[in-house]
Amino acid sequence: MKGREMVNPIISIVVPVYNVEQYLDRCVNSLINQTFKDIEIILVDDGSTDNSPKLCDEYARQDNRIKVIHKKNGGLSDSRNMGIHYAKGEYILFVDSDDYIENDTCEKFANIVSEQEVDIVIGGAKKITSSEVKKMLPSTSLYNSVLSGSDYLKHELKHNCAKMAACLNLYRRKFLLENNLFFKIGLLHEDEQWTPRVFLAASKVLVSDNCFYNYVIREDSITKTKDFSKNAIHIVSIVAELSDFYEKLDDKELKNLLKDYLIGIYLFAYRKGDLCKHGKKYTFKKYVLINSRSFSNRIKAIIFLISPKLYTTLSNLRS
């Protein structure tokens, strides 16, 4: 059945597409079958070399709400940025093409934003692997609360609940544009660089109990790659960039919490990417010592200061 094209849809769903022909049908069907119809679906074909471009065009012929953008390969960030620019909806939802969402997702979000205008509506996800399904949710104590993005980050970092995945939330498009909140092109793990900046800029975020997103971990996904060294180097660059950015924050407690979070992802990247093999190039002992705040990070920091190689070995034994 052909959907009705929306002149000013409430929600624009941006889907970057790159060589995912075997997963695309599941994703797109979850979008066109939304119980709330006032949406547009933007499929951004990022120079796919498989059958994905033809599939995208066929979906658009079947449903007028679907727009297809074909472009040269530029990566996930470039595709999302293009979706933000082309979107007509008041709010934007990012969905990765190998994932899918619940059929009532947009209905629940639309009901929320119809009652009050907020910069971000926070949701949750189910993380699906071959062996288990695990929920990724915001703190239940915050459900239905409206607070600033900074206060939300502070609360979730304190309770070890902070999640930086861009796909977990609904964003007001005007807010993103006014604050120049675009993804950094050419960066792996771009969500880690983008999401905290978005929250720090947000005046009003609403925490919902909408566990809408189905995050499917593929065996060939970026987090499953055997050689994680390139990914790790990108994470280290994100840590350095955000650390400088956080220095400008007036809220000392929030600054310390954010920097402690950075220590966590730095040590993860160092271990998983085996960065000790690069010698001192990516080994920042002083940075780790100064910015570790939580008990777990302090323990890791002590081992790291003694020997980065020992830290890597012990951490790999535990993982």
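1. His189 sits in the loop between α6 (173-178) and α7; helices here are DSSP runs of H or I with at least four residues, strands are runs of E with at least two, and both are numbered from the N terminus. His189 is buried, with a relative accessible area of 15%, where buried means under 20%, exposed over 50% and partly exposed in between (1.4 Å probe, protein chains only). His189 has a positive phi of about 60° although it is not a glycine. Most residues other than glycine have a negative phi.

2. On the basis of the work: this is a predicted model, in which local features need pLDDT of at least 70 and side-chain atom pairs count only at pLDDT 80 or more, while totals for chains, interfaces and linings use all residues. Residues are numbered from 1 along each chain as its sequence is written, and side-chain values use heavy atoms, with hydrogens and water left out.

3. Helix α7 covers residues 190-201, twelve residues in all, and reaches 17 Å from its first C-alpha to its last, close to the expected 16 Å. The expected span is 1.5 Å times one less than the number of residues. Ten of the twelve residues are buried, so α7 is largely enclosed by the rest of the structure. Among the buried ones are the charged residues Glu190, Asp191 and Arg197, as well as Trp194, Val198, Phe199 and Leu200.

4. Ile238 belongs to helix α8 (residues 229-246) and, at 1% relative accessibility, counts as buried. Leaving aside neighbours within four places in sequence, Ile238 is in contact (heavy atoms within 4.5 Å) with Leu187, Leu188, His189, Glu192 and Gln193. The C-alpha atoms of Ile238 and Leu187 are separated by 8.8 Å, with the two residues 51 apart along the chain.

5. A cavity is a set of points, on a 1 Å grid over the protein atoms alone, where a 1.4 Å probe fits but cannot get out; lining residues have an atom within 4 Å of a point. Grid points are joined across faces, edges and corners, and a volume is the space filled by probe spheres set on the points. The largest cavity has a volume of about 60 Å³. Its lining includes Ile122, Met136, Tyr152, Lys163 and Phe199, and divides into seven nonpolar, two polar and one charged.

6. Thr283 is in the loop between α9 (252-272) and α10 (285-291) and is buried at 16% relative accessibility. The side chain of Thr283 makes a polar contact with that of Tyr270 at 2.7 Å. Such a contact is a pair of N or O atoms within 3.5 Å; within protein, one must be able to donate a hydrogen and the other to accept it, and residues adjacent in sequence count only if both atoms are side-chain atoms. Beyond four places in sequence, Thr283 is in contact with Tyr266, Tyr270, Phe304 and Pro308.

7. Two exposed loop residues complete the note. Asn144, between β7 (133-136) and β8 (146-147), is exposed at 64% relative accessibility and has a positive phi of about 70° although it is not a glycine. Lys72, between β3 (66-71) and α3 (76-86), is exposed at 77%. Leaving aside neighbours within four places in sequence, Lys72 is in contact with Asp46 and Gly47.

Definitions and conventions
On a 1 Å grid over the protein atoms alone, a cavity is a set of points where a 1.4 Å probe fits but cannot get out, and a pocket is an open set with protein on both sides within 12 Å along at least five of seven lines; lining residues have an atom within 4 Å of a point.
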